[in-house]
Amino acid sequence: MTTSVNRNSLWAYANPKKFLQTSERVLPFFWITSGLCLVVGLIWGFFFTPDDFRQGSTVKIIYLHVPSALMAINAWFMMLVASLIWIVRRHHVSALAARAAAPVGVAMTLIALVTGAIWGQPMWGTWWAWDPRLTSFLILFLFYLGYIALWEAIENPDTAADLTSVLCLVGSVFAILSRYAVNFWNQGLHQGASLSLDKEENVADVFWVPLLVCIAGFVLLFVALVLYRTGTEIRARRIKALLARERVGA
Amino acid sequence: MIALLSRDLKLAFRAGGGFGLGLAFFLIVTVLVPFSVGPQSSLLAVIAPGVLWLGALLACLLSLDRLLALDWEDGSLDLLATAPLPLEAVVTIKALAHWITTGLPLVLAAPVLGVLLNLPQAGFIWLVVSLLVGTPALSVIGTFGAALTVGLKRGGLLLSLLVLPLYVPTLIFGAEVARRGAIGMETSTPLLMLGGITAGVVALLPFASAAVLRVNLR
């Protein structure tokens, strides 16, 4: 074992200062590329793709619905990985990143639910059906709420980080369990996967390319938001420490 | 372990309140249902298994915030943590005591309340079986939630927000067993799933509860 952390190792970013420096350098890149991808993808998707022959123009909500649904799940997955890193290696940046990702994940889940309802109204004739996918997203939403509420409720930051990471681990297991339980409970209306790589039933190419651009935009936006919010959390904690030091000194 | 169990049981029985409260809540919820949906017995027969399961679940939830909070306040939780008994065993015993004082009475009371809701004849046995298999999971999951929120001043509402999503799989399979039993369908698949969830939860979740409790006692 060497005593100094290798500069190129991922763990170098566990140092808040190094994290802030690097994230500040790469953030403009993420903001600009995500903005570009979203503008290009959404305009392309909304105005330059043909209407579907059965669904008409309502199909175009797919450019918001699919990427946000994808990110809603991946945000939780990112929180799970960050929580594991916190439990194993106790890097504060990791815990703060998990905390920073949760509200973004809630927003993504809400976007997916709302756009799904708007899409479902003309297509299925109902805003809401207790379909497995819809139901499991609602449950995911509740998990996010509980996770955020626990972060907010606990004052000691280390205790909060520990408790929320265990909750995230247990919650992941139960979220997956619920996903399959719900499947058992009701057969669905929701269509199958539209983007799997190995199936025939993918969406047609004209929809597929702008959709990919939109997904890239959402991923980049998520990364940018999480980096930005993590930076904010780090600074907020520093201010708290400075204030505490001042109070003790005075 | 047995000493701890008998202490918890004695406290629950003698201090009163907590023991009967869950049962009374279960009774009231069940009585209120016909007022809200109407007294047609055919409708009540259809929704009876689900309502009874939901009522039992909420009654379980009601007593969770006192599961660890009292021991936390008077400091006996700190003593238990330093005792030779591993904390995993302590939380398991706590969950067992909670089940004996809350879950088991609910199981026994459920058929009586089933009469009130016009549960079909065939459904009684399956209702009892599903509750008997499912309520231990509710107690163990609830202990995890109680361990998470034990240090908080106003943890009660947060506890429900944390625990209720975790109850989803148990509720789905438990109510499904009762529903299928009531209309005379095959029940073995959901019953096996329910048993699997209970077994997995009882085996694994005490470790998470103990880990969380250690953090809170630090």
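In this predicted model, the side chains of Arg218(B) and Asp162(A) meet in a salt bridge with an N to O distance of 2.9 Å. A salt bridge is a side-chain nitrogen of Lys or Arg within 4 Å of a carboxyl oxygen of Asp or Glu. Between chain A and chain B the count is 1 salt bridge.

The model is predicted, so local features need pLDDT of at least 70 and side-chain atom pairs count only at pLDDT 80 or more, while totals for chains, interfaces and linings use all residues. Residues are numbered from 1 along each chain as its sequence is written, chains are lettered from A and ligands numbered from 1 in the order in which they are written, and side-chain values use heavy atoms, with hydrogens and water left out.

**The interface of chain A and chain B**

- Contact (heavy atoms within 4.5 Å) involves 26 residues of chain A and 25 residues of chain B.
- The area buried between the two chains is about 2100 Å², and carbon and sulfur atoms give 86% of it; buried area is the accessible area (1.4 Å probe) that two parts lose on being put together, summed over both.
- On the side of chain A, Leu163(A), Phe174(A) and Phe184(A) lose the most area to chain B, together 29% of what that side buries.
- Across the interface, 1 residue pair is in polar contact, with both residues at pLDDT 80 or more. A polar contact is a pair of N or O atoms within 3.5 Å; within protein, one must be able to donate a hydrogen and the other to accept it, and residues adjacent in sequence count only if both atoms are side-chain atoms.
- The elements of chain A that give two or more residues to the side touching chain B are α4 (132–153) and α5 (157–185). Helices (H or I, at least four residues) and strands (E, at least two) are DSSP runs, numbered from the N terminus.
- With 15 residues, α5(A) gives the most to that side.
- The residues of the side of chain A that touches chain B divide into 19 nonpolar, 4 polar and 3 charged. Ala, Val, Leu, Ile, Met, Phe, Trp, Tyr, Cys and Pro count as nonpolar, Asp, Glu, Lys and Arg as charged, and the others, Gly among them, as polar.

**Salt bridges**

- The whole structure holds 9 salt bridges over all chains.
- Asp162(A) also forms a salt bridge with Arg90(A), the closest N and O atoms being 3.0 Å apart. Asp162(A) lies in helix α5 of chain A and Arg90(A) in the loop between α2 and α3 of chain A, so the pair ties together parts that are 72 residues apart in sequence.
- Asp162(A) is buried, with a relative accessible area of 6%. Buried means under 20% relative accessible area, exposed over 50%, and partly exposed in between (1.4 Å probe, protein chains only).
- In chain B, Glu176(B) and Arg179(B) meet in a salt bridge of 3.1 Å, N to O. The two residues are 3 residues apart in helix α9 of chain B and are separated by about one helical turn.
- Glu176(B) is buried at 8% relative accessible area, whereas Arg179(B) is partly exposed at 36%.
- Salt bridges that share partners join Arg90(A), Asp162(A) and Arg218(B) into one network.
- Lys94(B) forms a salt bridge with Asp71(B), with the closest N and O atoms 2.2 Å apart; both Lys94(B) and Asp71(B) are buried.

**Nonpolar cores**

- A nonpolar core is a set of buried Ala, Val, Leu, Ile, Met, Phe, Trp, Tyr and Cys residues joined through side-chain atoms within 4.5 Å.
- The largest such core has 109 residues, and those with the most contacts inside it are Met79(A), Phe144(B) and Leu213(B).
- To this core α5(A) gives the most, with 11 residues.
- Leaving aside neighbours within four places in sequence, the contacts of Phe144(B) include Val166(A), Leu167(A), Val170(A) and Leu205(B).
- A second, separate core of 11 residues includes Phe19(A), Leu96(A), Leu220(A) and Ala224(A).

**Chain A and backbone**

- Chain A has 6 helices and 0 strands.
- Of its 250 residues, 44% count as buried.
- Most residues other than glycine have a negative phi.
- Arg90(A), although not a glycine, has a positive phi of about 55°, and Asn118(B), also not a glycine, has a positive phi of about 60°.
- Arg90(A) is partly exposed, with a relative accessible area of 37%.
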